[in-house]
Amino acid sequence: MSNMGARVVRMFRNFNLENRAHREISKQKPEAAPRHSSYIDATPTTEVTETVNAIHKRNDPLLSLLKSVYVESKDPKPEAPAQLTEKMEVEERRQLKFSLPGYPYGTVEITDVPKGKLSIVEALKALNNHKLAPQTWTSEKIAQEYSLSLKDTNALLEFFVPFEVKIIPPKAKEGVKQIKDT
């Protein structure tokens with residue numbers, strides 16, 4: 001039945017389509033509104049000409065003061081590239097406390113991180129430990145355990161909350177048997 005309705009609608013929609021298209025195309029297009037005419041005076045005022053003349057006029061006292069100024073500059077000595085590499089190597093690193101098994105998502109497993117930083121797995125573990133036992137896993141203990149600053153640890157515990165998954169069992173209706181998943 002719906003197929004018949006679609007045919008009727010298509011027939012009315014396509015009826016005399018070419019003539020209607022030609023009629024729309026041949027209509028005269030509306031003209032654009034005329035632009036607002038702005039008033040621009042071709043002759044500059046006396047104030048403008050005085051200002052332009054004052055700018056281009058040679059000012060001898062300022063020129064003599066400018067000639068008396070002497071600037072001497074020296075470039076700073078560049079650091080040796082060996083010192084830069086030593087600074088990069090000095091960065092302290094620590095071993096990971098927890099990591100995902102295997103190579104998740106095709107990434108290479110990292111074994112250590114810089115002090116003061118956390119991996120995602122460690123951050124989730126620390127947040128979960130604090131959530132489950134806030135008296136034992138205080139911000140001071142987490143900061144000490146993961147080599148973090150106390151300010152960063154407090155910010156982490158305040159602004160990041162791990163997901164809490166609650167599974168609500170369905171209510172059993174009277175007289176209906178439930179089949180348990182195995």
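Helices are DSSP runs of H or I spanning at least four residues, numbered from the N terminus. All views show a predicted model.

**Close-up 1. Serine 139 in helix H7.** Helix H7 covers residues 139-145, and serine 139 belongs to it. With a relative accessible area of 12%, serine 139 is buried, because the cut-off for that class is under 20%. Apart from neighbours within four places in sequence, serine 139 has contacts with Leu150, Thr153, Asn154 and Leu157.

**Close-up 2. Threonine 153 in helix H8.** Helix H8 runs over residues 150-159 and includes threonine 153. The relative accessibility of threonine 153 is 0%, so this residue counts as buried. When residues up to four places away in sequence are set aside, threonine 153 touches Ser139, Ile142, Ala143 and Leu148.

**Close-up 3. The largest nonpolar core.** Eight residues form this core: Ala126, Leu127, Trp137, Ile142, Tyr146, Leu148, Leu156 and Leu157. At least two of the core residues come from helix H6 (120-132), and at least two from H8. In soluble globular proteins, nonpolar side chains tend to be buried together.

**Close-up 4. Surroundings of leucine 157.** Leucine 157 is one of the residues of the largest nonpolar core. Residues up to four places away in sequence not being counted, leucine 157 touches Leu127, His130, Ser139 and Ile142. Of these, Leu127 and Ile142 are also listed in the core.

**Close-up 5. A nonpolar surface patch.** Met4, Val8, Met11 and Phe12 make a patch of about 440 Å². Methionine 4 is placed in helix H1, which comprises residues 2-14.

Technical notes. Residues are numbered from 1 along each chain as its sequence is written. This is a predicted model: local features need pLDDT of at least 70, side-chain atom pairs count only at pLDDT 80 or more; totals for chains, interfaces and linings use all residues. Side-chain values use heavy atoms; hydrogens and water are left out. Buried means under 20% relative accessible area, exposed over 50%, partly exposed in between (1.4 Å probe, protein chains only). Contact means heavy atoms within 4.5 Å. A nonpolar core is a set of buried Ala, Val, Leu, Ile, Met, Phe, Trp, Tyr and Cys residues joined through side-chain atoms within 4.5 Å. Patches are made of residues with over 30% relative accessible area and no salt bridge: like charges are joined within 9 Å, nonpolar side chains (Val, Leu, Ile, Met, Phe, Trp, Tyr) within 5 Å. Accessible areas come from the Shrake-Rupley method with a 1.4 Å probe; for residues, only the protein chains shown count as cover. A salt bridge is a side-chain nitrogen of Lys or Arg within 4 Å of a carboxyl oxygen of Asp or Glu.
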